[in-house]
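Reader: I would like to learn how to read the faces of a strand, the cores and the ring pairs in a structure. Could you take me through them step by step?

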Amino acid sequence: TSGNVLGFSDLIFFDGSGNIIPFNYDDGICPPVCGSLTANAKLEYDLYSTGTCFTINEPGITLDCDGYSINFGSGTTPGVSGVKNPSFSGVTVKNCDIVDQNPSANINYGISFASGADGGIIRDNSITTTNGYGIYLDDNNDNLLVNNDIISVNNLEIYDDSGLTNKNNIEYHNDDGKIKWMDDSSGGFLMDLTLDGDVGFSSN
């Protein structure tokens, strides 16, 4: 061929704060940036987004943040997510530090699984939100939530809106020593509820 050819080694990538993103030259694949996810992904740096960071667009994929952070929602659009799964089954989200940087009273979601997003795993994540929900489950089934540290200052750590016929499973760990959750008033969340250890209940 003639002319100049732009190779991978000539490219420089930046994150949302203007920091240079390290490039993985070994396999020629740039680590993921905020956007649509259609394959397994593993973070190699912190990410920033004014709206939703990741939207899942294939079933059965894994997002492994490997301890890096997803900072989302710094814009004014409400209802955005750190990780949004609109309908895909068998999805795993793990090892993420998800921070809602909501500048107003918007209700956002750290991780949201919508109808059809069944049989997934949400594990070993740290999620912080001010006015939104840490994890939002909407009309789905057989998801496992395990060992997630969630802080929602003015709202619910977990909101399971899946109804009476759908059941999700939660093994909950929180450094705050508390969990605030609700379902859609049908009682679906309480079906087959098993508690281990000293547990206290209150309502508001």
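Reader: Which residues of strand β14 make up the covered face, and which the uncovered one?

Author: In a regular strand the side chains alternate between the two faces of the sheet. In this predicted model, strand β14, residues 126–129, has I127 and T129 on the covered face, whereas S126 and T128 belong to the uncovered one.

Reader: Which strands are joined to β14 by bridges?

Author: Strand β11 (residues 97–100) runs parallel to β14 and is joined to it by three bridges, with S126 as the bridge partner of D97. Strand β17 (residues 149–152) is also parallel to β14, here through four bridges, and T129 stands opposite S152 in β17.

Reader: Which residues of the largest nonpolar core touch the most other members?

Author: That core has 29 residues, and L63, I70, I111 and I135 are those that touch the most other members. Strands β6, β8, β12 and β15 each supply at least two residues of this core. Apart from it lies another core, of five residues, including Y109, Y136, L156 and Y159.

Reader: How many aromatic pairs does the structure hold, and how is such a pair described?

Author: A pair of aromatic rings is described by the distance of the centres and the angle of the planes. The structure holds three aromatic pairs; in one of them, Y109 and Y136 are stacked, at 5.0 Å centre to centre with 20 degrees between the planes. Because Y109 lies in strand β12 and Y136 in strand β15, this pair ties together parts that are 27 residues apart in sequence. Both Y109 and Y136 are buried, and ring pairs link Y109, Y133 and Y136 into a cluster.

Methods: Residues numbered from 1 in each chain as written. Predicted model: local features only at pLDDT ≥ 70, side-chain atom pairs only at ≥ 80, totals over all residues. Heavy atoms only, no water. Buried < 20%, exposed > 50% of the residue type's maximum accessible area, 1.4 Å probe, protein only. Pairing = 2+ DSSP bridges. Core = buried A, V, L, I, M, F, W, Y, C linked by side-chain atoms within 4.5 Å. Phe/Tyr/Trp six-rings, centres within 6.5 Å; stacked < 30°, edge-to-face > 60°.
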